[in-house]
Amino acid sequence: MHSLSAQKDLLTFPCHYTFKAFGPGDQDGTFSTTVQAAVSRVVPVSRHAMRSRASARGTYQCVSVLVTLHSWAQLEAIYRELRAIDNLKYLL
């Protein structure tokens, strides 16, 4: 598994970066909205930069968010915000 510090040497800023948050499947978009709000606390993100994919049974979903990062501090701050989501199951 790669740590964030190991990735530090691989990124040059500004860059495009995709965050993937896995959580409960829902019909009303609550998890996706929560992910968007968490990322938006650090950098603005529109719904157009987001993709959601449900698991085969619909129990879980993966929300991918593509953002343009300008610093390592932004990357760390977004991961902190995403980790604070109550019903987050997994984060890439």
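Two strands pair if DSSP finds at least two bridges between them, and the strands themselves, like the helices, are DSSP runs numbered from the N terminus, with at least two residues (E) for a strand and at least four (H or I) for a helix. The model described here is a predicted one, in which local features need pLDDT of at least 70 and side-chain atom pairs count only at pLDDT 80 or more, while totals for chains, interfaces and linings use all residues. Residues are numbered from 1 along each chain as its sequence is written, and side-chain values use heavy atoms, with hydrogens and water left out.

Strand β3 covers residues 60–69, and seven of its ten residues are buried, where buried means under 20% relative accessible area, exposed means over 50%, and partly exposed lies in between (1.4 Å probe, protein chains only). On one side of the pairing list stands strand β1 (residues 15–24), which runs antiparallel to β3 and is joined to β3 by ten bridges; within this pairing, F22 is found opposite C62. Strand β2 (residues 50–54) also pairs with β3 in the antiparallel sense, over five bridges, and here R51 has S64 as its bridge partner. Five residues lie between the strands in the hairpin of β2 and β3, where G58 takes a positive phi near 80 degrees.

Leaving aside residues up to four places away in sequence, L66 touches H16, Y17, T18, V45 and A49, a contact being heavy atoms within 4.5 Å.

**The aromatic cluster**

A pair of aromatic rings is described by the distance of the centres and the angle of the planes. Rings of Phe, Tyr and Trp (its six-membered ring) pair if their centres lie within 6.5 Å, and planes under 30 degrees apart count as stacked, over 60 as edge-to-face and the rest as tilted.

| Pair | Centre to centre | Angle between planes | Kind |
|---|---|---|---|
| Y17 and Y79 | 6.3 Å | 85 degrees | edge-to-face |
| F19 and Y79 | 4.9 Å | 65 degrees | edge-to-face |

Because F19 lies in strand β1 and Y79 in helix α3, their pair ties together parts that are 60 residues apart in sequence. The pair of Y17 and Y79 likewise links strand β1 to helix α3 (residues 72–83), across 62 residues. Together Y17, F19 and Y79 form one aromatic cluster, and each member is buried: Y17 has a relative accessible area of 11%, Y79 has 7%, and F19 has 1%.

**The cysteines**

How many disulfides does the structure hold? The structure holds zero, a disulfide being a pair of cysteine sulfur atoms within 2.5 Å. For C15, the nearest cysteine sulfur is that of C62, 19 Å away, and C62 in turn has the sulfur of C15 as its nearest, also at 19 Å. C15 counts as buried at 13% relative accessibility, and C62 is buried as well, with a relative accessible area of 5%.
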